[in-house]
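Visitor: I have not looked at this one before. Can you walk me through it?
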Amino acid sequence: MDRSSLLQLIQEQLDPENTGFIGVETFASLVHSHELPLDPAKLDMLVALAQGNDEGQVCYQELVDLISSKRSSSFKRAIANGQRALPRDVLLDETGLGIYKRFVRYVAYEILPCEMDRRWYFYQHRTCPPPVFMAAVTLTQIIVFLCYGARLNKWVLQTYHPEYMKSPLVYHPGHRARAWRFLTYMFMHVGLEQLGFNALLQLMIGVPLEMVHGILRISFLYLAGVLAGSLTVSITDMRAPLVGGSGGVYALCSAHLANVVMQPLLGAGASLVPARHPSVHPSIRPSVRPSVHPPTFPQNWAGMRCPYKLLRMVLALVCMSSEVGRAVWLRFSPPLPASGPQPSFMAHLAGAIVGISMGLTILRSYEESLQDQCGWWVLLLSYGTFLLFAVFWNIFAYDLLGAQIPPPP
């Protein structure tokens, strides 16, 4: 039965008077009597919504959004009010899973801090579309690096080669009018060490994030970090060129690390206490209700149970700090050729700021529509204001301040 037929059947049998509300007990009976293909996680969420009111009913539109897998804020409201039920079973107890489903479960525990979010992602996950954005960006960066490495016969500190800065992809303050360079610099890298760090973080953190949150959100966050990085360099480090995708990488990594550490689990901490609602059909398995207790700091950390989680986080932090240290050293140490370029490191900081602000909002809104959040529009307005300021800065400030920029290659 397709989705339109299912919704028509629900409306005809469960809401013939068009009241706009559906009883969970009668809906569960309809699901089991017709053997309707509804994901178990969706039934769990339906029960959670029904337990938010005394009559055990849900709004018909909420049911439509749930079946259609649309993002909704109703589940987040249920969490905040302490009225959302959680299943007793956890994904780690699932047995008989294939290799790919075990990988999906691993991604769910790696990225999502809430057990219900993990179940929702695990049951509604589809292989199409695959996480192609981060893989395509990483592959393109590797191909570009190999091409320039073979052409220049130089694999470490490529920026010191006199022909390297002539690339049409590199951001250089003397070529600010070529607007595409504010983005395409992410395909160029100083050398093998920078490419290795960025590629490792993009595949280790970026691909799982794209699997969970989708290509649109993660690509937007990555490109927002890249663009903010180049514009920040053009404002704060006006003489420096820029290469590498570190702005986008740090936007993803800082957002993920902030989400792990900062987002509270179930609002204010929760312990699972058995509970049943009288209006819930007995065929639905027992559920538990969160009871609020004083939160502890590492709630998300403890909730995201994965093998070698600590090792992966330490590896990510080591890669990020090493890359920042390398970038700072290249910027302020005397270049090997006296006239060699000294790329800026400010893109790393700009990407981290984008990740902690916009990125954290995106990752915390796994079940929610961003358009319904006032805070998201405030962040977009702030980012747009920064872009507008940076555009005017690049048009007028260099001449007004008499900035002595190096001649373009």
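Visitor: Let's start with Asn153. Is Asn153 buried or exposed?
Guide: Asn153 is exposed, with a relative accessible area of 66%. Keep in mind that this is a predicted model.

Visitor: Where is Asn153 found?
Guide: Asn153 sits in the loop between helix H8, residues 132-152, and helix H9, residues 181-184.

Visitor: And what about the phi of Asn153?
Guide: The phi of Asn153 is positive, about 55°, although Asn153 is not a glycine.

Visitor: Let's step back. How many helices and strands are in the chain?
Guide: The chain has 16 helices and 5 strands. Of its 409 residues, 54% count as buried.

Visitor: How much accessible surface does the chain have?
Guide: The accessible surface comes to about 18900 Å², and 65% of that belongs to carbon and sulfur atoms.

Visitor: Which residues make the nonpolar surface patch?
Guide: Leu388, Val391, Phe392, Ile395, Phe396, Leu400 and Leu401 make a nonpolar surface patch of about 740 Å². Leu400, one of these residues, is in helix H16, which covers residues 374-401. Leu400 counts as exposed, because its relative accessibility is 72% and the cut-off for exposed is over 50%.

Visitor: Now the inside. Which residues touch the most other members of the largest nonpolar core?
Guide: That core has 73 residues, and Tyr121, Leu201, Tyr222 and Val354 touch the most other members. Helix H11 gives the most to this core, with 9 residues. In soluble globular proteins, nonpolar side chains tend to be buried together.

Visitor: Take Val354. What is Val354 in contact with?
Guide: Leaving aside neighbours within four places in sequence, Val354 is in contact with Leu221, Ala224, Gly225, Ala228, Ala251, Gly359 and Tyr383.

Visitor: You mentioned H11. Where is Thr232, and is Thr232 buried or exposed?
Guide: Thr232 is in helix H11, residues 215-236. Thr232 counts as buried, at 13% relative accessibility. Neighbours within four places in sequence aside, Thr232 is in contact with Asp237, Met346, Ala350 and Phe386.

Visitor: What comes between H11 and H12?
Guide: There is a loop between H11 and H12, and Gly245 has its place in that loop. Gly245 counts as buried, because its relative accessibility is 0% and buried means under 20%.

Visitor: What does Gly245 touch?
Guide: Not counting residues up to four places away in sequence, Gly245 touches Gln141, Met186, His189, Asn198 and Tyr222. Asn198 is 47 residues from Gly245 along the chain, and their C-alpha atoms are separated by 6.9 Å.

Visitor: And in H12, where is Leu257, buried or exposed?
Guide: Leu257 is in helix H12, residues 246-262. Leu257 counts as buried, at 17% relative accessibility. Leu257 and Gly355 are 98 residues apart in sequence, with 9.4 Å from C-alpha to C-alpha.

Visitor: How much of the contact count comes from residues 24 or more positions apart?
Guide: Such residues account for 75% of the contacts in the chain with a separation of 6 or more.

Visitor: New topic: helix H6. How many residues has H6, and what length does H6 reach?
Guide: H6 covers residues 99-111, which is 13 residues. From its first C-alpha to its last, H6 reaches 18 Å, close to the 18 Å expected at 1.5 Å a residue.

Visitor: Which residues in H6 are buried?
Guide: In H6, Val104, Arg105, Val107, Ala108, Tyr109, Glu110 and Ile111 are buried. For Ala108, the relative accessible area is 0%.

Visitor: What is Ala108 in contact with?
Guide: With neighbours within four places in sequence left aside, Ala108 is in contact with Arg118 and Tyr121. Tyr121 is also among the residues that touch the most other members of the largest nonpolar core. Phe122 is 14 residues from Ala108 along the chain, and the C-alpha atoms of Ala108 and Phe122 are separated by 6.8 Å.

Visitor: Last one. How many salt bridges does the structure hold?
Guide: The structure holds 1 salt bridge. The side chains of Glu163 and Lys166 meet there, at 3.4 Å from N to O. Side chains of opposite charge can pair when their charged atoms come close.

Visitor: What is the relative accessible area of Glu163?
Guide: The value for Glu163 is 32%, and Glu163 is partly exposed.

Methods. Residues are numbered from 1 along each chain as its sequence is written. This is a predicted model: local features need pLDDT of at least 70, side-chain atom pairs count only at pLDDT 80 or more; totals for chains, interfaces and linings use all residues. Side-chain values use heavy atoms; hydrogens and water are left out. Helices (H or I, at least four residues) and strands (E, at least two) are DSSP runs, numbered from the N terminus. Buried means under 20% relative accessible area, exposed over 50%, partly exposed in between (1.4 Å probe, protein chains only). Patches are made of residues with over 30% relative accessible area and no salt bridge: like charges are joined within 9 Å, nonpolar side chains (Val, Leu, Ile, Met, Phe, Trp, Tyr) within 5 Å. Accessible areas come from the Shrake-Rupley method with a 1.4 Å probe; for residues, only the protein chains shown count as cover. A salt bridge is a side-chain nitrogen of Lys or Arg within 4 Å of a carboxyl oxygen of Asp or Glu. Contact means heavy atoms within 4.5 Å. A nonpolar core is a set of buried Ala, Val, Leu, Ile, Met, Phe, Trp, Tyr and Cys residues joined through side-chain atoms within 4.5 Å. The expected span of a helix is 1.5 Å times one less than its number of residues.
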